[in-house]
Amino acid sequence: MLPQEVVVSVLMKLAGGCPSLSDQLNVDAFLEQARSYDKASSSPVGWYIRNAQTRQLSHPLPVLRAREIDEWSRSQEYRSLLQRAIQIGFSELLVKAGGASTLARHVDINQEKVPLVKGLQ
């Protein structure tokens, strides 16, 4: 599951998804609901109804938050941040592990080399 899908699924659960039904929650359907909500509010009457529903809220509706997360996860800004995090994280692992050949087999955890794959020394 992608990070943005995890966030959207959490928003779905906060919006009232029952834990016993969590395996039936559909992230794509929830995002489609957000898109249809936007389409409905594009008319003057729809905008008025949306404004009347959300004006008193202290926080955006979960479905609208999910839409924002989805849109941001598709942005160049997100991809750049993710690429930068990967580069920084990989560089730090190389330094801690003592080089690329060691990194392929071990990760340093509290000054102790732990195999990445069980049984691989």
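Q: Helices (H or I, at least four residues) and strands (E, at least two) are DSSP runs, numbered from the N terminus. How many helices and strands does the protein chain have?
A: This is a predicted model, in which local features need pLDDT of at least 70, side-chain atom pairs count only at pLDDT 80 or more, and totals for chains, interfaces and linings use all residues. Residues are numbered from 1 along each chain as its sequence is written, and side-chain values use heavy atoms, with hydrogens and water left out. Along the sequence, the protein chain reads α-α-α-α-α-α-β-β. The count is six helices and two strands.

Q: What percentage of the residues of the protein chain count as buried?
A: A residue is buried under 20% relative accessible area, exposed over 50% and partly exposed in between (1.4 Å probe, protein chains only). The protein chain has 121 residues, and the buried share of them is 21%.

Q: What share of the contacts in the protein chain with a separation of 6 or more comes from residues 24 or more positions apart?
A: Contact means heavy atoms within 4.5 Å. Of the contacts with a separation of 6 or more, residues 24 or more positions apart account for 32%.

Q: How far apart are the end C-alpha atoms of H2?
A: The expected span of a helix is 1.5 Å times one less than its number of residues. H2 has 14 residues, so it should span 20 Å. The model agrees, with the end C-alpha atoms separated by 20 Å.

Q: Which residues in H2 are buried, and on how wide an arc do they lie?
A: The buried residues of H2 are Val27, Phe30, Leu31, Ala34 and Tyr37. An α-helix has 3.6 residues a turn, so residues three or four places apart point the same way.

Q: Which exposed residues does the face of H2 turned away from its buried side carry?
A: The buried side of H2 has cover that includes helix H1 (3-14), H3 and helix H4 (62-73). The face turned away from that side carries exposed residues, namely Asp28 and Lys39.

Q: At roughly what angle do the axes of H1 and H2 cross?
A: Two packed helices are described by the angle between their axes and the distance between the axes. Axes are lines fitted to C-alpha atoms, for helices over the stretch in contact, and angles run from 0 to 180 degrees between N-to-C directions. The axes of H1 and H2 come within 10 Å, and they cross at roughly 75 degrees.

Q: Which residues in H1 meet Val27, Phe30 and Leu31 in H2?
A: Angles under 35 degrees count as roughly parallel, over 145 as roughly antiparallel, 65 to 115 as roughly perpendicular and the rest as oblique. H1 and H2 are therefore roughly perpendicular to each other. Val27, Phe30 and Leu31 in H2 are met by these residues in H1: Glu5, Val8, Ser9 and Met12.

Q: How do the residues of the contact of H1 with H2 divide by class?
A: Ala, Val, Leu, Ile, Met, Phe, Trp, Tyr, Cys and Pro count as nonpolar, Asp, Glu, Lys and Arg as charged, and the others, Gly among them, as polar. On that basis the contact of H1 with H2 divides into five nonpolar, one polar and one charged.

Q: Which residues of H3 make the contact with H2?
A: The axes of H2 (residues 27-40) and H3 (residues 44-54) come within 8 Å and cross at roughly 120 degrees. That angle makes H2 oblique to H3. H2 brings Tyr37, Asp38 and Ala40 to the contact, and H3 brings Gly46, Arg50, Gln53 and Thr54.

Q: Where is Arg74, and which residues does Arg74 touch, not counting those up to four places away in sequence?
A: Arg74 lies in the loop between H4 and helix H5 (76-97). Its relative accessibility is 53%, so Arg74 counts as exposed. Leaving out residues up to four places away in sequence, Arg74 touches Arg35 and Arg79.
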